[in-house]
Amino acid sequence: MKIMKIAALGAVFAAQFTLAQFKQTPLPYAYNALEGSIDAQTMEIHYSKHGAAYAANLNKAIAGTPQEKETLIKILSETSKLSPAVRNNAGGHYNHELFWTILTPEKNTQPSAKLAKAITETFGSMEAFKEKMSKAGADRFGSGWAWLSVDKNGKLFVSSTPNQDNPLMDIAEEKGTPILGIDVWEHAYYLKYQNKRADYLSAIWNVLNWKEVSKRYDDALSKK
């Protein structure tokens with residue numbers, strides 16, 4: 001009987017493990033690697049608490065539903081039909097997984113020639129783009145995100161979404177494929193910058209991974 005109970009418990013644990021469809025990607029740098037722009041304590045809490053919670057809660061929200069077998073992109077594309085728990089946690093997981101990759105301790109990365117040209121053609125200059133992007137983040141009332149995305153015609157656009165929404169969702173006002181996202185939830189900056197969101201938005205350009213953003217731009221164009 002005891003052996004059977006142990007076997008049954010093992011089966012439960014195995015089932016719980018297999019339900020963990022979505023997992024965090026390991027952070028590609030140390031928590032303190034972005035010091036000066038983003039402090040180590042913020043990065044640790046942001047990644048190991050907030051980011052981890054979105055992945056775990058997403059798995060709980062989709063357990064036993066058809067979404068358990070769907071990709072994250074598919075889930076995002078049908079959020080209007082899903083529960084708030086799925087919408088919020090699917091968005092939170094996707095948004096943060098992108099966010100970690102577009103930050104880097106490497107200094108002075110540059111956009112590819114193709115992306116730089118597209119930015120200049122769309123916004124007038126790199127500085128004009130940064131101003132528009134920062135304004136999108138600064139003007140977002142409450143919590144949310146600022147995005148640089150590629151629309152269905154392959155054109156760049158800047159937008160902002162509330163909470164953990166993003167342009168991939170079917171409920172987004174402006175739809176597209178995000179290639180750069182800036183988190184403007186207070187947990188992303190408050191320990192260092194307090195209420196000075198504009199200072200955080202200015203500093204984040206110092207640790208932006210333009211190599212990754214350029215790669216995401218190429219990937220987005222290849223799917224058009």
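Which residues line the second largest pocket? Before I answer, please keep in mind that this is a predicted model. The lining of that second largest pocket is made up of Glu-106, Asn-108, Thr-109, Gln-110, Pro-111, Met-126, Lys-130, Trp-205, Asn-206, Leu-208 and Trp-210, and, sorted by class, it has five nonpolar, four polar and two charged residues. The volume of this second largest pocket is about 180 Å³.

Let me turn now to the largest pocket, which has a volume of about 380 Å³. It is lined by 18 residues, of which Ile-73, Tyr-94, Thr-177, Arg-216 and Lys-223 are the closest to its centre. If you are wondering where the lining comes from, at least two residues each are supplied by helix H3 (72–77), helix H4 (84–101), strand E3 (177–183) and helix H9 (210–222), with H4 giving the largest share, four residues. By class, the lining of the largest pocket has nine nonpolar, three polar and six charged residues.

Thr-25 counts as partly exposed because its relative accessibility is 45%, which falls between the 20% and 50% cut-offs. Apart from its neighbours within four places in sequence, Thr-25 is in contact with Tyr-47 and Glu-97, while its C-alpha atom is separated by 19 Å from that of Gln-41, 16 residues apart along the chain.

Key:
Residues numbered from 1 in each chain as written. Predicted model: local features only at pLDDT ≥ 70, side-chain atom pairs only at ≥ 80, totals over all residues. Heavy atoms only, no water. 1 Å grid on protein atoms, 1.4 Å probe; cavity = no way out; pocket = protein on both sides within 12 Å on 5 of 7 lines; lining within 4 Å. Points joined across faces, edges and corners; volume = space filled by probe spheres on them. Nonpolar A, V, L, I, M, F, W, Y, C, P; charged D, E, K, R; others polar. Buried < 20%, exposed > 50% of the residue type's maximum accessible area, 1.4 Å probe, protein only. Contact = heavy atoms within 4.5 Å.
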